[in-house]
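Good morning, everyone, and thank you for making time for this short talk. Please have a look at the model on the screen, and then I will walk you through a few of its features.

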Amino acid sequence: MFEALLEAVEQAEQEGISLGELALRTEAEKGLKTRAEIETALQRALDVMRGAVSRGLQGDLRSVSGLVGGDALLLANAVGPLKGTVFTDALAAALAVQEVNAAMGVIVAAPTAGGAGVLPGLMLGLAKHHHFTDVELVRALATAGLVGAVVASRASLSGAEGGCQAETGAAAGMAAAAGVELLGGSPTAAMHAVALTMQGTLGLICDPLGGLVEVPCVYRNATGAAMALAGIEMALAGVRFPIPVDEVIDTMGEIGRTMDVRYRETAGGGLAATPTGRKLAKGRLVQLKKGQG
Amino acid sequence: MISLLDIIGPVMVGPSSSHTAGACRIGLFARGLLDGSPETAQVELHGSFARTGVGHGTDRAIAGGLLGFFPDDERLRESLELAEKAGLVITFTNAKLRGDHHPNTARISLGREGQQAVVTGSSLGAGRVLITNVNGFPVEVTGAFPALVFVAQDVPGIVAAVTTVLARQGDNIATLRVSRRRKGGDAIHIYELDQPVSAAALNALRALPAISSLHAIPRIA
């Protein structure tokens, strides 16, 4: 793929194609898989994402530890000022996928399992209010994949290496680009949506209670989708972020490399180290170990 | 090189791409170094695998991989129970592996009817893995291709003999790596192929006298 998002955007603009189309072409040119094979795999990913959203929205799942579950359904029946909008539908779908994930159900890591709710949440939340064909949704997944590949090569996609900014933060950046493309924005607008989104997730730590991908991970996927919506809205309105997107991504990588180990998926700091965080985790982990005999 | 499908994927059983899907793949690779299902497994969990593995189902994922389950197989949830039924005695210990290792690393020692295999592998994030050691030999395998793994005497001509067999069967090599612990000792050979190695090539390779412990490992990623 590409090592700089700017390079991909310039090429797409020059050729008059979307980032998703460029990603599909570039991947097929590597020669390891045909374009049809790549599209089939992405279509399967889309189908699994839809399945996870509808499974999670049934509202009856509990996570392996019992700490989370049922919140997606609450959001689907939101009562606040944004009820019935893309916003609450994206949040509900993001929560749904993460609740399935926490219950050891089948999801698509995008880019990771811990951040797997953001992209389907955003895309399928949008799809509830706009008509997109599967071809368009598959192409948007490729757009997201291109952004994720740049983040992987310049920074990291691992919470253990870079904190939550590398998981839900990267996922939000990916979702922002996919969303702009689905809504008809240019590759340049998509690039600014990534920058505007990821500047908002810089420094986000990975502090799961007991090390479980449950609290706060499930909720971070919802707020990640919200951050992507903020980036999309600003970029489509013409806002241009002054720091180039690749430098924003590099900053994320640098913050990750210097982040204290307590904040990198070790459950040693942040919310995991709060009195309540420790208490909840202790009780649940003891139960888990007993349950496994 | 990172593929689009590494980022949008894998389709997997939750909750963690590194601690569940990646862990499963390390187990799958290790299983491939035996002639069948392992009977004993000692799993040493290092770094973040040790600290947070239980809650992420790392133990279930590795056990599932050792049973031959892929990361999207819902049986991963019950793999510890299924391992017991299948006669696989598996133990997990937390360890501080010597040397420089990625935070998510496991060392797996397997046994089966006198056969043994020891594999060290790291889960790099997003489900990608890197196998770093096989039976004491330093290696670098991602599992993205079907692989041919064997031990050969450190004498000239082994690679030529093997590539001749593969070429005759039309098996194309993607990557090739030979590593040895000392000059004149045994060397481990790892060939990553575009397609699973053909049965005809496997038989021809088994007939080469300088080669031992030959295993064809399926694509795990």
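Let me begin with a term: two residues are in contact if their C-beta atoms, placed from the backbone, lie within 7 Å. Before I use it, please keep in mind that this is a predicted model, in which local features need pLDDT of at least 70 and side-chain atom pairs count only at pLDDT 80 or more, while totals for chains, interfaces and linings use all residues. Residues are numbered from 1 along each chain as its sequence is written, and chains are lettered from A and ligands numbered from 1 in the order in which they are written.

With that in place, the contact between the two chains takes 48 residues from chain A and 35 residues from chain B. When I name helices (H or I, at least four residues) and strands (E, at least two), I mean DSSP runs, numbered from the N terminus. On the side of chain B that touches chain A, at least two residues each are supplied by helix 1 (4-7), strand 1 (11-13), helix 2 (17-31), helix 3 (48-56) and strand 5 (115-125) of chain B, and the largest share, six residues, comes from helix 3 of chain B.

The chains also meet through strands, where two strands pair if DSSP finds at least two bridges between them. Strand 1 of chain A pairs with strand 1 of chain B in the antiparallel sense, over three bridges, and within strand 1 of chain B the bridge partner of A:Ile107 is B:Met12.

Let me stay with chain A and turn to its helix 5, which has 17 residues and reaches 24 Å from its first C-alpha to its last, close to the 24 Å expected at 1.5 Å a residue; that expected span is 1.5 Å times one less than the number of residues. I call a residue buried if 20 or more other C-beta atoms lie within 10 Å of its own, exposed if 12 or fewer, and partly exposed in between, with C-beta atoms placed from the backbone. By that rule, 17 of the 17 residues of helix 5 of chain A are buried.

What follows helix 5 of chain A? The answer is A:Met104, whose phi is positive, near 55°, and which is found in the loop between helix 5 (86-102) and strand 1 of chain A. A:Met104 is buried, with 23 other C-beta atoms within 10 Å. A:Glu265 also has a positive phi, near 65°, and its place is in the loop between helix 12 (245-258) and helix 13 (275-291) of chain A. With 34 C-beta neighbours inside 10 Å, A:Glu265 counts as buried.

Most residues other than glycine have a negative phi, and most peptide bonds are trans. In chain A, however, the peptide bond from A:Ala110 to A:Pro111 is cis, with omega near 5°, and A:Pro111 sits in the loop between strand 1 (106-108) and helix 6 (118-127). The bond from A:Val215 to A:Pro216 is cis with omega near 5°, and A:Pro216 lies in the loop between helix 10 (187-198) and helix 11 (217-236) of chain A.

Finally, in chain B, four strands form an open sheet in the order 9-10-8-11, with antiparallel pairing. Its edge strands, each pairing on one side only, are strand 9 (173-180) and strand 11 (211-217) of chain B.
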